Amino acid sequence: MALSGLEIYKLLPRTNCKKCGYPTCLAFAMKLAAKQAELSACPDVSAETQAKLEAASAPPIRLITVAAGDRKVDVGNETVLFRHEKTFFHQPGLFVRVRDTQSTAEVQSLAKEVAGYNVERVGMPLAADGLAIENASGQAGPFAEAVAAAHAAGNLPLILISENPANMKAALEKASGTRPLVYAATEANWKEMAAAAHAAKAPLAVRGTGDLSALATLAESVKGAGVEDIVLDPGESSLPATLSALTQLRRLALKQNLRAVGYPTIVFAGEGAESPVAEAIAAAQAIAKYAGFIVLDHWAASEVYPLLTLRQNIFTDPQKPIQVSPGIYEINNPKPESPLLVTTNFSLTYFSVAGEVEGAGMPGWLLVCDAEGMSVLTAWAAGKFDAERIAKAVKTTGIGDKISHKKLVLPGAVATLSGELEEELPGWEIRVGPREAIDIPAYLKVWK
Amino acid sequence: MPVTIATPKEKWTGRVREVTLGATAAEGGTRRQKVVVGGEGTLPFLHFEAPAPHRPVIAVEVQDRYPADWSPLLLEAWGDVLESPTAWAAKAEALGADLIALSLKSASPEGGNTGSAEAQATVRAVLEAVGLPLIVYGPGQAEKDNEVLVAAAEAAKGERIALGNCEDKNYRTIVAAALAHGQLVIARTPIDVNLAKQLNILIGDMRLDPDRILMDPTTGALGYGLEYTYSVMERLRLAALTGDSMTQMPMICTVGEEAWRAKEAKVNTGVPAAWGDWHERSVLWEVLTATTLIEAGADIVVLRHPESVAHVRQAIDRLMAG
């Protein structure tokens, strides 16, 4: 947890020597607290103070990276319990489980499918993150082979699942050159597992059995054995128990600054789920409620796409709304005589308007103006959605050449712009549409 | 070195109100059972902090005319019953709905422009056809909403139905109808904490018992503003739990309507292969919108697809266990 200016002041020499460039130690402390100065500017600071301040500035939830080739999954470093308090920073990695009892061909084809899955949404690429390979055979040979096969086929970030440290070592050899997550250290095997993860410089998951004190103790043991990058599995499988455990871990890390649980978590969404839909529901809960890694047992585009969309939604920064690119959007294959509507490039505004036109089943042209990602009224009030900007959008997009009429529909909320816009766009007829997107279908029905 | 952790519990000072939908014969109505929602003393499903007294419930949307604008997947799933609101409601009841959300779409000026007489007849017929409590929605156009909701309130006197939507432009009429006939209102505001509070205050000023108000924060479907609804609901629920009485009404989300409006659910032509199987994707679109909002505090979700009803019910069962 960050220290206050006064707390930092008490740790400084308090000599007001000005060597740091600030008039007093207190002024310097305030700058440090605001992260506008570096402690190294003080030549007389003690080693003890240095250590304390460094520890205090470490993030309450450690950033963990799993990577292979040019793909990287960063999770952790979260600072809030609710996204409206600031934002969630690192979206959970979505992994798909295979077992080393499956054929090499199966493992390879799944690896290729997961690696090749890519779809764009609101201008952003959506993709799954990696494979989780489970040592279901209980033997080292098949496990290492499956890892080698997956590595060769997809070079995806991996989670290696085995409780046998010797098997894990064999698999880690095959994954060399990558940074997999080693899953998992338990009460029984943690010494050997920590040694294996430490040797491979890989992050290590620790698995509990429902008791958070035991889980934290296990994490401390592993840390004592030299593994710094840790992931927590509280070992719950029911929906509400997982929710409670992950909520408690997040609270302990953020509100009590409890270092022993200051790590990201892993959730097996398919565990105990009786159907792919039940698995998706568990994964959705994990996305919204605090998971760092999510492991699925089914691979189906129809399940993955909604989950990736949800992940995109939840991890959107509430202070920085997603924008859509300004330009012309064609809805329901418009013809030259179809209506032309104008709106702003705030994603929610765009989706509301585009959704209504689309839902009405009527073809239309949607001219999206660059209003710096603001909604119609906000942008209008801020001067980012005025006659000049709309006229500019009409001219630069060349929409006039695509349609056979010169009628432009303004959002009802900015009806006041119509006079000015008629001056900016000579020869155009400016019409005032509905105030609310929901009234667009009715409006389009009578549009001529 | 062993670490000992005390369970980190929050001390909440507020609680969500309990709202009862429907009245049985003993209470002056004709419902086979009533449904109580709300009463939460903690965030959704944190059973270690406080027990959840009532489960979130599922309302199934029923319209009073054939929903020709619906996705073919929905039309196929329901079949012939879509021609008759009573048959449709009865099938919804058989599928395990907790509530029927009757939408008087035929009253819309573009869709038949039916009036108060038709609205009363439909409401009476549906009340007769099922034993579940009722939510009645107008067509979504202020003038017609006033006309048919007032009529519905009168026709269902004593049944404790919920009238939707009650918005800033028409709340006086709807609240007056609820007061006159002992019904509830659904106070709907556009994804904003302060607007939601303000409308609850205005409704309270008309002396409608706060135990007769449900809040609809306006639903954004998955991919279409879900995160806005999600965060506004979390903020409303946190405010309720920290003692703000004007946010302590149970919340209702019109999930089916919004999810099935999404392109991902509605159509399957010219969409990327990466979207996957249409049917599975569409049902999941509705299911994940529902469960995500239930985990943000929704007490009632209004759904459309029969399979979604089954999946969401199962999820609620699992969330309430333990």
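# Close-up views of a predicted two-chain model

**Figure 1. The open sheet of chain A.** In this predicted model, eight strands of chain A form an open sheet in the order β10-β9-β8-β7-β6-β3-β12-β11, and their pairing is parallel. The edges are formed by β10 (230-233) and β11 (266-268) of chain A, each of which pairs on one side only. From one strand to the next, the twist averages 25°. Helix α10(A) packs on this sheet, where it touches β11 and β12 of chain A. The direction of α10(A) makes about 175° with that of β12(A). Strands of a sheet pair through backbone hydrogen bonds, in either a parallel or an antiparallel manner.

**Figure 2. Pairing of β3 with β12 in chain A.** Strand β3 (residues 93-99) and strand β12 (residues 293-296) of chain A run parallel and are joined by 4 bridges. Within this pairing, A:G93 has A:F293 of β12(A) as its bridge partner.

**Figure 3. Strand β7 of chain A and its pairing with β6.** Strand β7 (residues 158-161) of chain A is covered on both faces. On one side lie A:L158 and A:L160, on the other A:I159 and A:I161, and all of these residues are buried. Strand β6 (residues 130-134) of chain A runs parallel to β7(A) and is joined to it by 4 bridges. Opposite A:I161 of β7(A) stands A:E134.

**Figure 4. Surroundings of B:I100.** When its neighbours within four places in sequence are set aside, B:I100 is in contact with B:A59, B:V60, B:V62, B:A89, B:A92, B:V126, B:V130, B:L132 and B:L134.

**Figure 5. The side of chain A that touches chain B.** Contacts between the chains involve 52 residues of chain A and 46 residues of chain B. On the side of chain A that touches chain B, at least two residues come from each of α8 (212-224), α9 (239-255), α10 (276-288), α11 (301-314), α12 (347-360) and α16 (440-446). The largest share, 10 residues, is supplied by α9(A). By class, this side of chain A comprises 28 nonpolar, 16 polar and 8 charged residues.

**Figure 6. Cis peptide bonds in the two chains.** In chain A, the peptide bond joining A:Y183 and A:A184 is cis, with omega about 5°. A:A184 is found in strand β8 (residues 181-185) of chain A, and β8 is one of the strands of the open sheet. In chain B, a cis peptide bond leads from B:G164 to B:N165, with omega near -5°. B:N165 lies in strand β6 (residues 162-166) of chain B.

Figure 7. A:E372 is not a glycine, yet its phi is positive, at about 55°. The residue is placed in the loop between β15 (364-369) and α13 (376-381) of chain A. A:E372 is partly exposed, because 16 other C-beta atoms lie within 10 Å. B:R160, also a residue other than glycine, has a positive phi near 55°. B:R160 lies in the loop between α4 (142-155) and β6 of chain B. With 26 other C-beta atoms within 10 Å, B:R160 is buried.

**Figure 8. Domains and overall arrangement of chain A.** The domain assignment divides chain A into domain 1 (5-57), domain 2 (64-314) and domain 3 (327-446). The centres of domain 2 and domain 3 of chain A, taken over C-alpha atoms, are separated by 45 Å. Chain A has 16 helices and 17 strands, and its C-alpha atoms fill a box of roughly 80 × 70 × 35 Å along the principal axes. Of the 448 residues in chain A, 48% are buried. Among contacts in chain A with a separation of 6 or more, 66% are between residues 24 or more positions apart.

Definitions and conventions: Residues are numbered from 1 along each chain as its sequence is written. Chains are lettered from A and ligands numbered from 1 in the order in which they are written. This is a predicted model: local features need pLDDT of at least 70, side-chain atom pairs count only at pLDDT 80 or more; totals for chains, interfaces and linings use all residues. Two residues are in contact if their C-beta atoms, placed from the backbone, lie within 7 Å. Ala, Val, Leu, Ile, Met, Phe, Trp, Tyr, Cys and Pro count as nonpolar, Asp, Glu, Lys and Arg as charged, and the others, Gly among them, as polar. A residue is buried if 20 or more other C-beta atoms lie within 10 Å of its own, exposed if 12 or fewer, and partly exposed in between; C-beta atoms are placed from the backbone. Two strands pair if DSSP finds at least two bridges between them. Axes are lines fitted to C-alpha atoms, for helices over the stretch in contact, and angles run from 0 to 180 degrees between N-to-C directions. Domain bounds come from an automatic or database domain assignment.
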